[in-house]
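Visitor: Please take one part of this model and go through it closely, then follow the outline to other places along the chain. I would like the geometry and the cut-offs behind each term.

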Amino acid sequence: MTDDLREQVHAAARRARVAADDLVLATRERKDAALHEMAAALRARAPEVLEANAKDIEAGRAAGLSEGLLDRLALNEKRIDGVAKGLETVAGLADPVGEVLRGSILPNGLELRQIRVPMGVVGMVYEARPNVTVDAAGLALKSGNAALLRGSSSAEHSNTALVAILRDALEAAGLPADAVQLLPCHDRASVTHLITARGLVDLVIPRGGAGLIDAVVRQATVPTIETGVGNCHVYVDATADLDMAETIVLNSKTRRTSVCNAAESLLVHAAIADEFVPRITAALRDHEVTVHGDETFARQEGVVAANDEDWDTEYLSLDIAARVVDSLDEAVRHIAEHGSGHTEAIVTSDVAAARRFTARVDAAAVMVNASTAFTDGGEFGMGAEIGISTQKLHARGPMGLAELTSSKWVAWGEGHVRPSS
């Protein structure tokens with residue numbers, strides 16, 4: 001059975017390679033037309049997607065999935081229209097393929113250019129969120145890549161419906177349907193076969209919980225871009241406008257709790273703790289957020305005393321860890337010890353403090369007087385994102401079109417040969 005599954009995954013990868021070879025020659029006009037075709041098909045066939053998604057939601061509730069995971073899984077007409085708009089936005093972006101990164105004419109007359117090229121075959125391993133299926137397919141197509149999608153069994157019906165629609169749209173636009181393929185999701189071995197298909201798959205991107213990401217990064221022989229979990233902090237500095245701080249904390253925490261850019265920890269400077277701690281605790285309580293707090297926060301009504309695990313927890317729920325710090329430097333040290341390198345925010349009126357924070361905090365995104373919720377490919381003008389990279393090689397932060405490309409050197413000569421040494 002394992003050998004059969006391995007061949008099934010590898011056969012899909014070989015078909016993807018053929019499709020990727022076709023996409024290399026596709027013009028921007030053809031790719032953009034396909035993206036618009038995909039968006040229109042999603043809207044026209046939304047009832048099919050919603051019917052499939054309802055089956056996944058029902059099965060998820062029966063399996064005891066948390067409300068946060070069910071929210072990630074859920075689709076509605078607004079969310080379907082949102083991913084369709086994402087495809088249209090991607091169509092409006094410049095095509096990265098062929099962009100000249102640098103170039104020169106050497107003294108001997110050889111013309112040298114470094115240009116962007118597609119990765120080739122990109123594998124995605126992800127959990128729960130069916131919108132990732134569409135985002136990944138659209139970004140892969142625009143950047144000239146073929147996508148192998150391995151979603152979770154919890155989203156099986158939704159992903160199957162979405163990929164069928166996307167493949168039909170690709171064919172209608174005259175591009176290979178195998179540019180988007182869905183891999184089997186019921187056996188974890190399919191992940192292993194994908195991430196070890198060196199020579200067939202060019203890049204794997206895991207997107208999900210810490211366990212999934214760690215397993216893929218440790219086991220993969222295919223190059224991998226690590227998209228990390230989001231233990232995001234909001235630090236409220238001594239000079240913060242407290243009205244602004246309250247708004248930013250609430251938006252960062254409660255806008256949507258199930259996403260990786262939601263704030264999971266709150267740090268408050270001791271100089272404003274007497275005023276701000278009671279205020280923000282009451283505001284969070286009004287929004288049904290449970291605060292897991294240090295000694296200062298624990299004096300407030302409804303606060304649960306924090307333990308060591310709380311500082312490292314990505315709750316993905318209406319919970320937040322909170323503590324008082326004596327200085328900006330102590331806040332930075334706390335973030336360095338407990339943060340995940342995703343998004344960190346400071347609320348301050350002190351420009352020097354903001355510059356110190358942005359310089360010292362090691363994260364993919366740092367916000368000054370803004371919500372952590374802005375770390376998002378769409379919000380950053382990328383149309384959509386294939387993930388948020390928390391590593392430092394090749395890509396970091398929201399990954400859009402450029403991050404799905406590599407480069408090659410092209411040299412033009414006129415019979416140039418290199419002299420013997």
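**A loop glycine, then other loops and helices**

Guide: G209 sits in the loop between β6 (203-207) and α9 (210-219). Helices (H or I, at least four residues) and strands (E, at least two) are DSSP runs, numbered from the N terminus. The model is predicted: local features need pLDDT of at least 70, side-chain atom pairs count only at pLDDT 80 or more, and totals for chains, interfaces and linings use all residues. Residues are numbered from 1 along each chain as its sequence is written, and side-chain values use heavy atoms, with hydrogens and water left out.

With a relative accessibility of 24%, G209 counts as partly exposed. Buried means under 20% relative accessible area, exposed means over 50%, and partly exposed is in between (1.4 Å probe, protein chains only). Apart from neighbours within four places in sequence, G209 is in contact with E127 and V229, where contact means heavy atoms within 4.5 Å. From G209 to R17 the C-alpha to C-alpha distance is 29 Å, across 192 residues of sequence.

Most residues other than glycine have a negative phi. L316, in the loop between β10 (304-305) and β11 (319-325), has a positive phi near 55 degrees. L316 is buried, at 19% relative accessible area. N369, in the loop between β13 (365-368) and β14 (388-389), is not a glycine and also has a positive phi, of about 55 degrees. Its relative accessibility is 30%, so N369 counts as partly exposed.

A strand residue comes next. H292 belongs to strand β9 (residues 290-293) and is buried, with a relative accessible area of 12%. Not counting residues up to four places away in sequence, H292 touches V304, A306, D310, W311, Y315, D319, I320, A321 and A322. Between the C-alpha atoms of H292 and N131 there are 31 Å, and the two residues are 161 apart along the chain.

Twelve of the twelve residues of α6 are buried, so the helix is largely enclosed by the rest of the structure. Among the buried residues are N131, D135 and K142. Just after α6, G144 takes a positive phi of about 80 degrees.

The remaining topic is helix packing. Axes are lines fitted to C-alpha atoms, for helices over the stretch in contact, and angles run from 0 to 180 degrees between N-to-C directions. Angles under 35 degrees count as roughly parallel, over 145 as roughly antiparallel, 65 to 115 as roughly perpendicular and the rest as oblique.

Helix α2 (residues 28-44) packs on helix α7 (residues 156-172) at about 135 degrees, with the axes 8 Å apart. The two are therefore oblique to each other. Their crossing is right-handed; a crossing is left-handed if the near helix is turned anticlockwise from the far one by less than a right angle, and right-handed if clockwise. A34, E37, M38, A41 and L42 of α2 meet L162, I165, L166, A169, L170 and A172 of α7. By class, this contact has ten nonpolar, no polar and one charged residues. Ala, Val, Leu, Ile, Met, Phe, Trp, Tyr, Cys and Pro count as nonpolar, Asp, Glu, Lys and Arg as charged, and the others, Gly among them, as polar.

The axes of α2 and helix α5 (residues 77-91) come within 9 Å and cross at roughly 170 degrees, which makes α2 roughly antiparallel to α5. The residues of this contact divide into ten nonpolar, one polar and six charged.

Helix α3 (residues 46-62) also meets α7: their axes come within 7 Å and cross at roughly 160 degrees, which makes α3 roughly antiparallel to α7. The crossing of α3 and α7 is right-handed. E48, V49, A52, N53, K55 and D56 of α3 make the contact with E156, H157, S158, A161, L162 and I165 of α7. By class, the contact has five nonpolar, three polar and four charged residues.
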